[in-house]
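The sequence and the structure are shown first.

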Amino acid sequence: MKVADNVNPNVYEKGSVREVTKSDLDEELNDDFDQREIFDIIRNISDPEHPLTLEELRVVEESNVIIDNKNNLVHVYFTPTIPHCSMATLIGLSIRVQLLRALPSRFKVTVEVTEGTHVSEHAVNKQLADKERIAAALENNNLVQIINQCVRSV
């Protein structure tokens, strides 16, 4: 069994959950996605090494989500808990899969390591940007099982 990279991570309090309003439930109303909505989609993804969410570990934060509805772009920066995290690509892939499953197909989703937070950030970002590599990874049943465990509802 593999030992976790970060055996004793810092754990932070979860933020507040957005209250659902009447307009949120109105299917006739055409409203754009916002930063908080995108964050709500990814905040409860489980860390692959710990029974904690990416929000609790501050791997994802609302301020690191960029949404451009006009151009159908979503960009998420995530921060691994340690600079040499061996799970960074898996975490990025889990974020990407969760967003691709939850958002309309018109969106182009980009997921990257926050600059300066990982020793191999360029290599991880290159992997996360490579559509062929992602497609191949998602054909690996073992990897898909791990991702599904990470993105399941908490």
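This is a predicted model: local features need pLDDT of at least 70, side-chain atom pairs count only at pLDDT 80 or more; totals for chains, interfaces and linings use all residues.

The residues of α4 that are buried include E121, V124, N125 and L128. These residues lie on the same side of α4, because they cover an arc of only 95° around the axis. On the other side of the helix, H122 and K126 are exposed.

## Overall make-up

The secondary structure of the chain comes to six helices and three strands, and from the N terminus on these elements follow the order α-α-β-β-α-β-α-α-α. The chain has 154 residues, of which 40% count as buried. Among contacts in the chain with a separation of 6 or more, 67% are accounted for by residues 24 or more positions apart.

## The nonpolar core

The largest nonpolar core has 37 residues, and those with the most contacts inside it are I38, I42, F78, I95, L99 and L103. At least two residues of this core are supplied by each of the helices α2 (35-42), α3 (88-102), α4 (121-129), α5 (131-137) and α6 (141-151), and likewise by each of the strands β2 (73-78) and β3 (108-113). The largest share comes from α3, which supplies seven residues. In soluble globular proteins, nonpolar side chains tend to be buried together.

The surroundings of F78 illustrate how the chain meets at one residue of this core. Not counting residues up to four places away in sequence, F78 touches V59, V60, A88, I91, G92, I95, V111, E112, V113, T114, T117 and L128. Two of these partners were named above: I95 is among the core residues with the most contacts, and L128 is one of the buried residues of α4.

## Packing of α3 against α6

Helices α3 and α6 pack at an angle of about 70°, with their axes 9 Å apart, and they are therefore roughly perpendicular to each other. Where the two helices meet, α3 contributes L90, L93, S94, V97, Q98 and R101, while α6 contributes L143, I146, I147, N148, C150 and V151.

## Salt bridges

The count of salt bridges comes to four. In one of them, the side chains of R36 and E62 meet at 3.5 Å, N to O; this pair links distant parts of the chain, with R36 in helix α2 and E62 in the loop between α2 and β1 (65-68), 26 residues apart. R36 is buried, with a relative accessible area of 16%, whereas E62 is partly exposed, with a relative accessible area of 27%.

R43 takes part in two of the bridges described here, one with D40 and one with E55, and in each the closest N and O atoms are 2.9 Å apart. Both R43 and E55 are buried, and they lie twelve residues apart in the loop between α2 and β1. The relative accessible area of R43 is 4%, while D40 is partly exposed, with a relative accessible area of 25%. Through salt bridges that share partners, R36, D40, R43, E55 and E62 are joined into one network.

How values were computed
Residues are numbered from 1 along each chain as its sequence is written. Side-chain values use heavy atoms; hydrogens and water are left out. A nonpolar core is a set of buried Ala, Val, Leu, Ile, Met, Phe, Trp, Tyr and Cys residues joined through side-chain atoms within 4.5 Å. Buried means under 20% relative accessible area, exposed over 50%, partly exposed in between (1.4 Å probe, protein chains only). Helices (H or I, at least four residues) and strands (E, at least two) are DSSP runs, numbered from the N terminus. Contact means heavy atoms within 4.5 Å. The arc is that of the directions from the helix axis to the C-beta atoms. Axes are lines fitted to C-alpha atoms, for helices over the stretch in contact, and angles run from 0 to 180 degrees between N-to-C directions. Angles under 35 degrees count as roughly parallel, over 145 as roughly antiparallel, 65 to 115 as roughly perpendicular and the rest as oblique.
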